[in-house]
Amino acid sequence: MRMGENHRACDSDGSLSIISSDSMVEIQRTQSESSGSLSPSAEEESKYRLLYSKSRVYVNPTAYARDNIPGFVALVKREAVNPTYLLAWIPETLLCEKGTDEWDKFVRIEEKAMLDEEDEDAVLIDLPTQRPESYAFSVPLTSIYSLLVHPPTLSSWHGTIGINLINSSTLPTLHFHDDESFSMTLPSRYSKSSSTGAYPPASLPSSSRTSTSWGGEDLLSRLRPYAHLLRSTLQPSLFIVDPSKADIDTHTTQIFDDDAVDDILAQSSYASSHSPVPAHRRPRPLYSAPANTSNQHPTRPSVLHRSLYPPSISTTQSSSHARMALLQSFSNITRATRHAAQNILSHPLAKPIVPHLPDPVKSLVNANGDLEWGSWVEKGGVGEFESARVYLARWARIVAEEGDRARKREAQALPSSSDVVEEISPLGVFELLHSTINLPSPKTSRDPAHPIDEALWAKWFDKDGRPKVRLEEMKHQVFRRGITPYGNLRKKMWPFILGVHEWDITGSEREAKWEEKRKRYCEIKDEWCGVPEVFDRPDVLEERHRIDVDCRRTDRTQPLFSTSYEDTADNGSNGDRRYTTISPQMSDIGAQSPSNEHIDRLAGILLTYNFYNKELGYVQGMSDLCAPLYVVMGSDEELTFWCFVEVMNRMIQNFLRDQSGMKKQLSTLQELISVMDPDLYRHLEKTDGLNLFFCFRWILIAFKREFPFDDVLRLWEVLWTDYYSNEFVIFVALAILESHRDMILRYLVEFDEILKYCNELSMTIELDSTLAQAEVLFLSFAQLVADIDRRRAEETTDSTSSVLRRRGTSSSEGKASLSKVAMPTLSDNLRDLLKTGR
C-alpha cells in the first residue's frame, strides 16, 4: 500500500468508476447523459445477473477480530452488446438494506451445486449503493491483473485471496471462513437427490463443491470459464488473470526439474563425506550421473540447472549450493513453526499460561497480543517466502552487532577509556572518499549521554524570558545532546525548535503572540465543530472516515490511546458528543478499533488541519506524525495543532498527490549513494533496486515505524534542528544502508531479498550510532564537495601550471595523478543537501 496516493480509473463502458483511496476501493455508478426514461430493454440491461455467490467471506479492516466484516463474494454479469463480468464483494449490512428478497437471491445461488446457464430462471439483482465507509467493491474481470491465493494452513485457519488491479491498486483481502459458509457446511443437494433417484445415480458435475477443498479454490473454478487464470511458476500463490504474452513468458519458466535436488545432493561433498550418519540413512540420489560427464546441468531446461553450475565453475564448488538448499529448508521449517507458536501463544486465552513457560518459548509471545498481528503482515514485505540468503544476511547482521557491543563493553572496561573508546569504537563508516583525495576523516560531535535538562534550559533565559544564547546555539546543543525524556522539557522546547514560538523576544511578548495563535485555532475549528451542514457534508464525511480509521490504529500502545470508552451507549446523551466523535456514524464504532477521548481529540486536530490546508487536506500517514506531538504536548490541542502545522511545512512534499516530493528525495538519495559508495550503487543497479522502494517508508514518515516510540522522539528533535542540513533525513537513510552494506553486497542478490531484509530492520536499528554515522557521512560529503569545487577551480584558473606539473619530477607526477581523477558531477539536488535554515 502506498500512503498519500490516490488513483482514479474508469472501465471501458463508462458505467463504473474505480476510486482507490489508500486501502479502500469504492465503485461508483455514473449515469450516462442520455439517461432519461428507460426502455424495457434498457431497464433489463440495468440489472445484473448473479452467476455465483459465497457467504461468510470477510474483510478485516483492522487487526481486531471483532472488527471483521462478513459479506458475500459474487460473480455478476452485466448484460450488454459485449457482456461485462464483474467480481464483487458485498457486506451483509448493505445487502440487508435491500430486504429479504435480495438476501434470498444470494443464498439461493450459493446453494446451487453448479452455475446455472443463462436462461429464464436467471437471478437478477441490483448492486447495493456504495457508502464512503463501506469496503464493498465490484470490478470487471478485465481490470484485474492478478490474484494472490493463500490456502488455509495450520498457522492460518482461513484461506485468503488478494486482488491486484491493472492500475496498481489493491482491493481488500478476502478471508474465506468456510466453517461458517452456507455452501461449505450444508450438505449438497446432489447427495439428497441421489438417495431417492434411479440407480445408478447421475455423476456430479465437474464444478460441484465436492471437488474443492476450500472456498477460494471454489471461487477460482467459477472464474475460469470467464477468464484465463495462469498460475505462476515463480510464485505458486500468484495467478495472472488474462495474461499477456510477456506475462506468459515470465511466469511459465520452469524453475525446478524433478531431479534437480537429486543432482545437488549427488554432486555435493555431503554425499561423499565421512559423516557420522550411517550410510543407509543418508539422502541418496534417485539416479547416478554418467561417469564420463562431469557436469550435465548446463544442458538442463530449468532455471535452477542453468544457474547452479555455469561452464566456468567446477563441480567441486557445488557443496556451497547444497548447504544453501539445506539452510533454506531449515529456514522454512523454523519460520512455519515460529509463526504457528506466535499465533497460539499471542491469543488472549493463552495469557494465563505464558508466565509458566520457559524463557525461549516466552520470546515467541507478543506482549501486545492481537495488536501485533497487523505488524506481522506489514513486515512481511515480499510475502512469506524467506530465502536462505536473507536468513544468512540477518544472521550475519546479528553476529556483527553482538561483536560491536562486545568491543564497546571491553573498551569501557579499560582504565583510559576516555581516550581509547573514541579510537576503537567503530561507527561503521566505510571508505567513501576516493583514495587519492586524502581528506582527513571527520569525527562525530554527538554526546547523547548528557542531554539538555531543566537546569540548563533555565540558565539560557533572563528573568523577562528573553534568551541569553542564540537560536543556532540552542539547536546545536539539541543536535549534539538531545533533550532529557524526564519531565515536560520537550513540551517547552519543541515549539521553539519547530518555530511555533519566536526565540529572541521576551516572555510577555511571546505569550501575546501565542494567544493570537490559540484564537486562530478556535476560529478554524469552529468552521466544522457544531455546524451540521458542514460536518455532514459528503466531502467532509469522507475525510472524517479516513481520519477516524487511521487514528483508531495509530500508536495504540501509548497510554493515552490504549484505553477505550467504558460505555459507548451513553455517549449520545451529551449534545456536543456528536461533534467530538469524528466517526461518520455512531454505528460505525463497532466496525473499527475502539476509540477514546484522546483518539477523538487527535482526529479533531487532523480534521481542523484539513480545513486549515484545504488544498492538501488529510493524507494517510499524517496521523503517524501528529500522534507523538499530541503525547509530548500532554494532550494540549492548540499546541499540538501548531506544532503539527510546522512539521507539515517541513514535510509537505512527502504528501503531494503526485508523489513528486518523494520521487525527488529518493532520486537525491540514489545520487548520493552513487557519489559516496559506488560499489553499493552498482550492486543496487544489478538487482534493480535503484528505485530505493525499501527506503520509501523511512523518508515518508521520518522513520516513525523503524524505531521504538522514545527513539522516534529523539530522532525527530535532531532532524528538526536543521543544524547541518534541511534534508538530514537523507543522510540518516544512507547511514542505515551503509551499516548493512556488507550484508547487502555479500548475501542479497535479488531486489525482493533486499526489500524483505530492509523491512525486517524495523525496531532493530540502534539510534545513537546511526545518528553519529549520519553526521560523519554528511561531513565527508561536505569535504568531498569542497574538494571537487577546489580542484575544478584550479583546473579552470591555472591550466598552464597544471600542464607543467604533469611534466615535472616524480613528486609532481603524484600530484598529476590527482588531477587525472574523474571527479563526480554533482547535481543541484546534491548541492541542496548542504543548505540549512528555513
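Student: At what angle do helix α27 and helix α34 pack?
Tutor: First, a caution: this is a predicted model. In it, α27 (residues 660–676) and α34 (residues 767–797) pack at about 75°. Their axes are 12 Å apart. That angle makes α27 roughly perpendicular to α34, because 65 to 115 degrees counts as such.
Student: Which residues of α27 and α34 meet there?
Tutor: From α27, Leu 672, Val 675 and Met 676. From α34, Leu 777, Ser 780, Phe 781 and Leu 784. That contact has six nonpolar residues, one polar and no charged.
Student: New topic. How many residues of α18 are buried?
Tutor: Eight of its ten, so helix α18 (residues 489–498) is mostly covered. The buried ones include Arg 490, Trp 494 and Phe 496.
Student: What do the buried residues of α18 pack against?
Tutor: Several helices, among them α16 (454–459), α19 (507–525) and α30 (709–720). Just after α18, Gly 499 takes a positive phi of about 95°.
Student: Now rings. How many aromatic pairs are there in the whole structure?
Tutor: A search finds 34. One of them is Phe 641 with Trp 642, edge-to-face. Their centres are 5.0 Å apart, with 80° between the planes. Both Phe 641 and Trp 642 are buried.
Student: What sits over the ring of Trp 642?
Tutor: The charged end of Lys 517, 4.9 Å from the ring centre. Elsewhere, Arg 544 lies over the face of Phe 535, at 3.8 Å from that ring's centre.
Student: And which residues do ring pairs link into a cluster?
Tutor: Phe 479, Tyr 723, Tyr 724, Phe 728, Phe 731, Phe 778 and Phe 781. Phe 781 also takes part in the contact of α27 with α34.

Notes:
Residues are numbered from 1 along each chain as its sequence is written. This is a predicted model: local features need pLDDT of at least 70, side-chain atom pairs count only at pLDDT 80 or more; totals for chains, interfaces and linings use all residues. Side-chain values use heavy atoms; hydrogens and water are left out. Axes are lines fitted to C-alpha atoms, for helices over the stretch in contact, and angles run from 0 to 180 degrees between N-to-C directions. Helices (H or I, at least four residues) and strands (E, at least two) are DSSP runs, numbered from the N terminus. Angles under 35 degrees count as roughly parallel, over 145 as roughly antiparallel, 65 to 115 as roughly perpendicular and the rest as oblique. Contact means heavy atoms within 4.5 Å. Ala, Val, Leu, Ile, Met, Phe, Trp, Tyr, Cys and Pro count as nonpolar, Asp, Glu, Lys and Arg as charged, and the others, Gly among them, as polar. Buried means under 20% relative accessible area, exposed over 50%, partly exposed in between (1.4 Å probe, protein chains only). Rings of Phe, Tyr and Trp (its six-membered ring) pair if their centres lie within 6.5 Å; planes under 30 degrees apart count as stacked, over 60 as edge-to-face and the rest as tilted. A charge sits over a ring if NZ of Lys or CZ of Arg is within 6 Å of the ring centre and within 35 degrees of the ring normal.
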